[in-house]
Amino acid sequence: MKLLIGQILPFITITIFVLGVFYRLGRWVGARIVHNVTLSDPWLKSGGEVAVKIGTEAFLFRSLFKFDKALWAGAFIMHFALLNVLGGHVVGFGLLGEQFAYIPGITAEMSKDASNLLGTVFGIVLFLSIAYLLIRRFSISEVKSISNSSDVVWLVYLLLIVGVGNIMRLFRQFHIEYEPVRDYIVALFTLQPVVGMELLESYFFLTHFLLVQILLIVFPFSKLMHLFGMFAERWIVNRVYHDPAPGMPNIDIPAARKAGLGLPSGGGGESASEGV
């Protein structure tokens, strides 16, 4: 089991994840958009305006804030905590928790303490925010009516991953230090044997690692692809208006207008109200 989870499955996981993501992105890029579906109100006139619009949606959840502030609070806190947890994993293991030591006056030991504290806090916040979103699925009738089983399964699955990680943070007997994880990752990607490493003796680490790998394998084929999909969708509905729509073949715009087929008579026409 250690050989499968610790040495073989990681390479299968990375392969499926990378190829799956590129496959999905390729399908989106290759799809022909034959109608103008720009929904920005007013229509955006430059790439800079489009970037700002997409940025506010991607990182501040602007539309969600206007729609449901309680949901926005839970979703924003969850994603913010998740971003910090993921970043903390990369930076913490890569620099052995000494990333703050680059700040004048902070020692390596102080940096490790700060890294551990932040990791613990954001892990707890992430767990509570996911739990909040899960409770909403059952306690609010409007949300419950539009929820399906996959919504609940993913939230429960994320709770399991974060919960196991928090156990390793909060209980010293299950705690994992930075060095063994970094040594494991280096050995793994330099094709060195890792089965005998002490790190893989921790059943909590193996469980956490296995759950994460399963998530990454399923990721490209699930609704979690909204991480990438929302940028594609936002570009479609917020891009600069073009007449005719990109991808619409063999359209004679002047003739269509003359025939009264409903195309805008000016450069932009009447804008549609934003619906996404």
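Guide: In sorting a lining by residue type, Ala, Val, Leu, Ile, Met, Phe, Trp, Tyr, Cys and Pro count as nonpolar, Asp, Glu, Lys and Arg as charged, and the others, Gly among them, as polar. The model is predicted, so local features need pLDDT of at least 70 and side-chain atom pairs pLDDT 80 or more, while totals for chains, interfaces and linings use all residues. Numbering runs from 1 along each chain as its sequence is written, and side-chain values use heavy atoms, without hydrogens or water.

The protein has 11 helices and zero strands (DSSP runs numbered from the N terminus: H or I of at least four residues, E of at least two). Along the sequence the pattern is therefore α-α-α-α-α-α-α-α-α-α-α.

Two or more lining residues come from each of α5 (108–139), α7 (149–170) and α8 (178–189). Of the elements, α5 gives the most, five residues. By type, the lining of this pocket holds seven charged, three polar and three nonpolar residues. The pocket contains about 250 Å³ of space, a volume filled by probe spheres set on points joined across faces, edges and corners.

Helix α8 also takes part in a nonpolar surface patch, where α8 and α1 (2–30) each supply at least two residues. The patch consists of Phe-11, Ile-14, Val-18, Phe-22, Ile-185, Phe-189 and Leu-191, and covers about 670 Å² (Shrake-Rupley, 1.4 Å probe). Patch residues have over 30% relative accessible area and no salt bridge, with nonpolar side chains joined within 5 Å; a salt bridge is a side-chain nitrogen of Lys or Arg within 4 Å of a carboxyl oxygen of Asp or Glu. The largest share, four residues, comes from α1. Ile-14 sits in that helix and is partly exposed, at 37% relative accessible area (buried is under 20%, exposed over 50%, partly exposed in between).

Elsewhere, Glu-233 belongs to α10 (226–238) and is partly exposed at 29%. Its C-alpha atom is 9.4 Å from that of Trp-28, 205 residues away along the chain. Of the 276 residues in the protein, 33% are buried.

Conventions:
On a 1 Å grid over the protein atoms alone, a cavity is a set of points where a 1.4 Å probe fits but cannot get out, and a pocket is an open set with protein on both sides within 12 Å along at least five of seven lines; lining residues have an atom within 4 Å of a point. Patches are made of residues with over 30% relative accessible area and no salt bridge: like charges are joined within 9 Å, nonpolar side chains (Val, Leu, Ile, Met, Phe, Trp, Tyr) within 5 Å. Buried means under 20% relative accessible area, exposed over 50%, partly exposed in between (1.4 Å probe, protein chains only).
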